[in-house]
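Welcome! Please take a look at the sequence and the model below before reading on.

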Amino acid sequence: MYGFLMRRLAATIPVLGMVALFVFLLLRMTPGDPAAVLAGDNGTPQQIAEIRETLGLNKPIPVQLGIWFSNLLQGDLGQSYFFKKDVTELILLRVEPTVALAITTLVITVLIAVPIGVIAAYRHGTWLDRCVMGFSVLGFSVPVFVVGYILIYLFAMQFKMFPVQGYKELADGFFPFIHRLILPSITLSVIYIALIARITRASVLEVLGEDYIRTAHAKGLPNRVVLLRHALRNAAVPIVTVIGIGVALLISGVVVTESVYNIPGLGRLTVDAVLGRDYPTIQAVILVFSGVYVLINFLIDLTYSFLDPRIRY
Amino acid sequence: MRSNLPIGLAAGAALVAGAVMSAPASADQTLRVVMHSDLKIVDPIWTTAYMSRNYGYMVYDTLFAMDANTDVHPQMVESYEVSADKLTYTFTLRPGLAWHDGSPVTSADVIPSIQRWGSKDSMGQKLMEFVADMQAVDDRTFKMVLKEPYGLVTMSLAKPSSNVPFIMPASVAATPSSEQISEYIGSGPFVFDVENWKPGDTVLFTRNDNYQPRSESPSWASGGKVVKVEAVEWLSVKDHQTAVNSLIEGEIDYIESPPNDLLPLLEGDENVALKVINPLGAQFMFRLNHLHPPFDNVKIRRAALASINQKDFMQATIGDPAYYKECAAMFICGSALATDAGADIVLKSDFELSKQLLEEAGYDGTPIVIMQSTDVNVLNNLGPVAKANLEKGGFVTDLQAMDWQTLVARRAKREHPSEGGWNVFMTSWTAADILNPIMAAGFNAGCDSAWFGWPCDEKMEGLRDAFARETDAAKQKEIAEQIQIRAMEVVTHAHGGQWYRPVAYRSDRLDGVLDGPVSYFWNISKK
């Protein structure tokens, strides 16, 4: 197990290195010039040239890459072209809203998707099953921003239950914090619920046909125990895998949800940085997202051995 | 389990709903505003970005300021004298001017501020060409000595839009203009709360209680800047629909630039007012690249001019005639230099004339590369309209769609269109940027030193120089008319129509919203 941990951790380094290189080169090949953005709409060609020189953008790309990698190895993610602040500081400012949104979304998703997936499997072929599958198709098909606007119209503008937009830090109190997170989390969780419910239903359905489930029923165990202790636990490995893979889905959804609900998280930081061609910020944020993704997959691998004692590393 | 689940869910939902019912918002004295963009650069001299300019008006003050009639008035200056030979200007600052840290504003602060602005801004650079020396006489008095008479001294110091000659402390103004400043102390009506600045999210300004406003009524940036709220908070709301919903629900007080297509939503709300605060509006610009064929040929540029018309551009972008105006005056209808001379060709397309000119010029069908911005709401439809009209006029076109940031990078490229360059792009200027031929970048025909498109015309440069030297307003107007005629002859650019965008605010809460080319937040009170 210890060897596995070390190998997996070591494997993340070349992965992140490749991501860093790829992102750096991709950005330099993308049209646009941060100096032109910084100079403003009325900036003159002379002003743009001056800014390019100040930022070092007139240096050859391999030189720029060398400087960036060198700083990166020293833990320096660089400074935002726009805000004149360290990118690390900008990211830290934005972590809380995104993590809060992601956690509440995951909680809502797991609390809703797993039970309805299990119920759909248990009541396979009934109207309940069809409803769950219908919702699943709908959840996948409707874009996140459409769900967001509909929820805002209904629950913020018609029923006045929630604010239209904005975010309150946890330090400002739990109620205002959670009050502003509920609608965005529900918005973001719709597509995720659709995905997890389908996978849960399929996995549980497969397990329900196994001999040991029949044996459990024959032993006279209540349905609840059979479903939760025997069926769901044995179906858990693919469900957990999909939850992990779904984090990528969550990250892309966060970008849209944070814009619609005006949440100052990493998603909006990414969009702003891309639109402004703020290279240091884009590179750093993508590295962070990649690191999180690698870490989550790593944790999921570890989870397998807890869920299924037969899996050993 | 089956029977209990729905009941449980319903009970849970009811509990959550009950728990989160909105409490009524308490009335407070913080003005919550959604600006047209978020504040990125806190140095209004280093960049021409409008958000940085708007930030400057909050934090800094200016020596002079323009009023609603585009007349110039002293602002930080109490009085000034001009010598009989028109070569020496002596300025006296108002008593009681102070920086946010309480120290007094002196002549020693003003001079480096003018120098820093003068090294960066086009109008400032022109002024500096004429300045022989600036010297402090005492703490409140300083002199500006000119090499020869210059007609735009106070007009330059009252420049209303980017770059505005804001006055900064001497230590801050000593920062080279190629570097951004790192201290944010001004003497303006608001104090920038840098500790609570959340980049890309919120910017907080608190009232400067030590600010001593002038006694005159406010008019644009001139007159008394009396702050009537405790704080102003700029919120960065990227999604226009969200901002509009938020205003309707009363979560914010003011939207600086609601897009025209969402105005009907706001018009239907009795608690929201729409007000065109900038009666001079903005003007679309149709900019040609003079470096490469076919627009290196003046006849072909004239053909392009004959093909387009203002109304098509404005109908496609603004739509509601209440918010646009066909206007032949390049220096803005309603301004002091407004004239129709030589420029009515832009009001109506003449496709036959265009085709005739193309034939005379021997146009070989080279496709015109039109850069179309796709992510700036008010510019999105200009490209397709230009394409349609140019094609009706006999041109072959190649419309290339891109985001605005790509466009601003590409327009700086001098390469041939086939190698990443361009032939045409369209943009928009706020009227305050183009009120005379020195501040309006489009008229600069100084070849390599000209704005993107690089027109090259000695006669135009001579006329601009004459305008700058002229100290008589009536003669300046005559020269401006000649400049407009010349601009149409050589087609430095074409003006695509004058348009207006209202601000939207909660009329049930706010009073005293001022007119101006910029959203000013003094004089506004919150009920």
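The sections below cover the model, its salt bridges and a nonpolar patch.

## About the model

This is a predicted model, in which local features need pLDDT of at least 70 and side-chain atom pairs count only at pLDDT 80 or more, while totals for chains, interfaces and linings use all residues. Residues are numbered from 1 along each chain as its sequence is written, chains are lettered from A and ligands numbered from 1 in the order in which they are written, and side-chain values use heavy atoms, leaving out hydrogens and water.

## Salt bridges within helices

Over all chains, the structure holds 34 salt bridges; the term stands for a side-chain nitrogen of Lys or Arg within 4 Å of a carboxyl oxygen of Asp or Glu. One of them joins B:Lys126 to B:Glu129, with 3.8 Å between the closest N and O atoms. Both residues belong to helix α4 (residues 122-130) of chain B and sit three residues apart, about one turn of the helix. Helices (H or I, at least four residues) and strands (E, at least two) are DSSP runs, numbered from the N terminus. B:Lys126 counts as buried because its relative accessibility is 17%, whereas B:Glu129, at 46%, is partly exposed. Here buried means under 20% relative accessible area, exposed means over 50%, and partly exposed lies in between (1.4 Å probe, protein chains only).

Helix α12 (residues 382-392) of chain B holds both B:Lys387 and B:Glu391, four residues apart, about one turn of the helix. Their side chains meet in a salt bridge of 3.0 Å, N to O. B:Lys387 is partly exposed at 25% relative accessibility, and B:Glu391 is partly exposed at 35%.

## A distant pair and a network

B:Asp515 forms a salt bridge with B:Lys275, and their closest N and O atoms are 3.4 Å apart. This pair links distant parts of the chain, 240 residues apart: B:Asp515 is in the loop between β22 (510-511) and β23 (525-526) of chain B, and B:Lys275 is in strand β14 (residues 272-275) of chain B.

Salt bridges also link B:Asp28, B:Arg32, B:Glu233, B:Asp253, B:Arg509 and B:Lys526 in a network.

## A nonpolar patch on chain A

Which residues make the nonpolar surface patch of about 500 Å²? They are A:Phe22, A:Leu25, A:Leu26, A:Met29 and A:Ile61. Patches consist of residues with over 30% relative accessible area and no salt bridge, joining like charges within 9 Å and nonpolar side chains (Val, Leu, Ile, Met, Phe, Trp, Tyr) within 5 Å. Accessible areas come from the Shrake-Rupley method with a 1.4 Å probe; for residues, only the protein chains shown count as cover.

Helix α1 (residues 2-29) of chain A gives the most to this patch, with four residues.
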